[in-house]
Amino acid sequence: AEAPPPRDVEVRALLLREEVVELHNATGRDQPLKGWAVRSVVCGKTEQAYTFPADFVLKDGASVRVLSGPDADKKANGADALFWTRRHVWNDSGDGVALLNPQREVVSSLDVTPEPAKRAAPPSDEAPPAKRPEGA
């Protein structure tokens with residue numbers, strides 16, 4: 001019987017606007033990703049999926065980025081940046097990603113909701129109150 005697959009390949013980041021998913025291997029050994037997939041998950045349903053090349057191995061301690069969007073093919077290098085599609089996959093207002101092993105078990109997942117744009121505090125016309133000297 002085969003040993004169960006390690007659960008230490010993890011989704012480290014999902015950059016919605018940049019159309020990047022980053023995975024990291026902390027298993028202590030090189031991990032072949034034949035049959036593994038990254039899926040976008042919206043409201044619990046799989047929307048789109050990327051299946052890793054059969055010969056791709058994620059080295060121990062290494063990370064890989066899976067790229068989508070209009071320039072993804074230009075940024076991909078086949079080593080630590082893999083091309084998925086030139087389409088936009090991730091919803092900028094929030095999305096989820098799941099990493100599945102060949103048995104289609106979710107090994108790692110991440111839900112991302114972008115932080116609202118921070119507004120600068122309006123300038124105050126009042127000076128901060130002066131500190132009174134101790135004992136006054």
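The exercises below look at charged pairs and at the nonpolar core of this predicted model.

**Exercise 1. Find out which parts of the chain Arg-17 and Asp-92 tie together.**

Step 1: Start with the distance. The closest N and O atoms of Arg-17 and Asp-92 are 3.4 Å apart. A salt bridge needs such atoms within 4 Å, and Arg-17 and Asp-92 do form one.

Step 2: Arg-17 sits in the loop between strand 1 (9–15) and strand 2 (20–25), while Asp-92 sits in the loop between strand 8 (81–85) and strand 9 (95–100), so the pair links parts that are 75 residues apart in sequence.

Step 3: Check the surroundings. Arg-17 is exposed, at 63% relative accessible area, whereas Asp-92 is partly exposed, at 32%.

**Exercise 2. Work out where Asp-30 and Lys-59 lie.**

Step 1: Asp-30 and Lys-59 form a salt bridge, with 3.5 Å between the closest N and O atoms.

Step 2: Asp-30 belongs to the loop between strand 2 and strand 3 (31–32), and Lys-59 to the loop between strand 6 (57–58) and strand 7 (63–68), so this pair joins parts that are 29 residues apart in sequence.

Step 3: Asp-30, at 36%, counts as partly exposed, and Lys-59 is partly exposed at 48%.

**Exercise 3. Locate the salt bridge partner of Arg-86, and say which element holds it.**

Step 1: The partner is Asp-73, and the closest N and O atoms are 3.6 Å apart.

Step 2: Arg-86 is partly exposed at 47%, and Asp-73 is partly exposed at 35%. To finish with the charged pairs, the model's salt bridges come to four.

**Exercise 4. Describe the largest nonpolar core and the contacts of Leu-23.**

Step 1: This core has 23 residues, and those touching the most other members are Val-21, Leu-23, Val-38, Phe-52, Trp-90 and Leu-99.

Step 2: Two or more residues each come from strand 1, strand 2, strand 7, strand 8, strand 9 and strand 10 (106–112). Strand 1 gives the largest share, three residues.

Step 3: Now follow Leu-23. Leaving out residues up to four places away in sequence, Leu-23 touches several residues, among them Val-11, Val-38, Phe-52, Val-64 and Leu-99.

Definitions and conventions: Residues numbered from 1 in each chain as written. Predicted model: local features only at pLDDT ≥ 70, side-chain atom pairs only at ≥ 80, totals over all residues. Heavy atoms only, no water. Salt bridge = Lys/Arg side-chain N within 4 Å of Asp/Glu carboxyl O. Helix = DSSP H or I, 4+ residues; strand = E, 2+ residues; numbered from the N terminus. Buried < 20%, exposed > 50% of the residue type's maximum accessible area, 1.4 Å probe, protein only. Core = buried A, V, L, I, M, F, W, Y, C linked by side-chain atoms within 4.5 Å. Contact = heavy atoms within 4.5 Å.
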